[in-house]
Amino acid sequence: MEMTAGRVDGQPVPARSRPLARLAADDRDVPLFVDLDGTLIRSNLLWESFAAALRANPLRAVQALLSLLWGRAALKRALALVGPVDPAALPYRRRFVHWLKGQHQQGRRLVLATAADQPLAESVAMHLGLFEAVLASDGTHNNKGRSKLDGILAYAGGRPFDYCGDSLGDLPIFERARRAILVGAGHAVLKASEALPQIELRFASRRLRYGLYNWLAAIRPFHWLKNLLVLVPIFTAFLVTDQAALVKTLLAVIAMCLAASAGYLVNDLLDMQVDRRHPRKRRRPFAAGRLTAAEGFGGAALLLVLALALCLMINVAVFGWVVLYLLGTFAYSVFFKREPIADVFVLAGLHTIRIIVGAEAVDAPVSFWLLAFSVFFFFGLAIMKRCGELVLKRERDEETGSGRSYSVADLAVMQPLGIASGIAAVLVLALYVQSPYVADRYPMPELLWLALVALLVWLSRAWLDTGRGLMHDDPLIYAMRNPAGRLLLLAVAASFGLASLWGLTVAI
């Protein structure tokens, strides 16, 4: 029974499969072998292990890669030892697992046949409780393709067998199977297998349909708003009419967007197992299995290369600061994220680097005032984000956040610390407005008082909403989504913009 729903680009597209209601009598005596990576789960345990190893111990993870010299099976074993994967948190194909449970309940023998490492595969089998045996890679032999076929034939004792798989590497097994079931297979596999008469039931994959949406969710383009900080130095240096400076600044903004998205991908990959237990973050593309870890690491590498290439087009200084930003994001993901106070300090530093990148792009000096304001302001915003998370945990009666080193009791310290940091930023801005430096550069420094008042009002409102449990996102994203926040930030930008243009007019 082949179930399809038309064709796309000349290739068959399977319809939404439904579980078989009753197991046929001749099927009960035929063992069913089930692939794991891409079939039973929407991911790959090799890449899951690599991500888990990077999070647990980056140095040992890199050392484990050397095991590839002894083959893929040795690599899988080495990574599994460094980065254990929780089988309960894996993104299973629920409809397919439900179908397998029906087969198992009707007395069919199920065997997990996979190229994943043996201990990991056994942990999955134990978690599901459906399989009578596990055929997997053993650290020396990679159980894939014809090697897997040999193992299946030996286990089946030359008798007929059925097989569930998803990849081109499974084609030799499909050809020898009595019946073959495609699960989440891509177009290339569908096309290669459409001539095989034993293909009977297909569990379709929706990943291609929602591919663009998944990638947009993963790279977080809305967070690119933070990279507008790169534009700050071109305004403070009155270079907005310099075409060459403007082009370099825009290139720097694009480079920072690409670099930031690469960091978001890596961060989500390292946090996959933790995110799968979070009520909101479990919907992220990698945690949900809508994008695989292999795709994530590949995408991050591509974005990284493009970002650094753009940096070299500007100058070496910008290249160096963006490299430092990337190292900082990686260090944050694997270490500082779980260190109290240090995590928010690193986040503040990453925001400040954006301003320095903008200054280096146009070869403009960064004033003490700008750096001091940036450190206090973004330190306060980073604490605000942590407080927002803790308030939500308090509402869910959770004491400690997964993967964090803060508890709900820390709110008593974190909230005053964040508010004090925000007030310090406003104070720095007030001293800046009254300084001789401003009087020399702006004919109308009084315009900057609008920015000071608007910023103070916005910070007060943001902290009030944080205490009420309304800070669900990054504070800057919260500001853009909140009408009052947008108005207040627009007032801040307008104040500096008008003052800059006024100063520029007088200079001309």
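The contact, meaning heavy atoms within 4.5 Å, involves residues of H17, among them Phe-373, Phe-377, Leu-381 and Met-384, and residues of H20, including Trp-458, Leu-459 and Trp-463. By class, this contact of H17 with H20 has 12 nonpolar, four polar and one charged residues, where Ala, Val, Leu, Ile, Met, Phe, Trp, Tyr, Cys and Pro count as nonpolar, Asp, Glu, Lys and Arg as charged, and the others, Gly among them, as polar.

Please keep in mind that this is a predicted model, in which local features need pLDDT of at least 70, side-chain atom pairs count only at pLDDT 80 or more, and totals for chains, interfaces and linings use all residues. Residues are numbered from 1 along each chain as its sequence is written, and side-chain values use heavy atoms, with hydrogens and water left out.

How do the axes of H17 and H20 cross? The axes of H17 (residues 368-395) and H20 (residues 448-467) come within 8 Å and cross at roughly 20 degrees, so the two helices are roughly parallel to each other, the word for angles under 35 degrees.

Let me turn to a loop residue. Arg-220, which is not a glycine, has a positive phi of about 55 degrees, and lies in the loop between helix H9 (211-219) and helix H10 (232-236). Arg-220 is buried, with a relative accessible area of 15%, and buried means under 20% with a 1.4 Å probe, protein chains only.

Terms used: Helix = DSSP H or I, 4+ residues; strand = E, 2+ residues; numbered from the N terminus. Buried < 20%, exposed > 50% of the residue type's maximum accessible area, 1.4 Å probe, protein only. Axes fitted to C-alpha atoms, helices over the stretch in contact; angles between N-to-C directions. Parallel < 35°, antiparallel > 145°, perpendicular 65-115°, else oblique.
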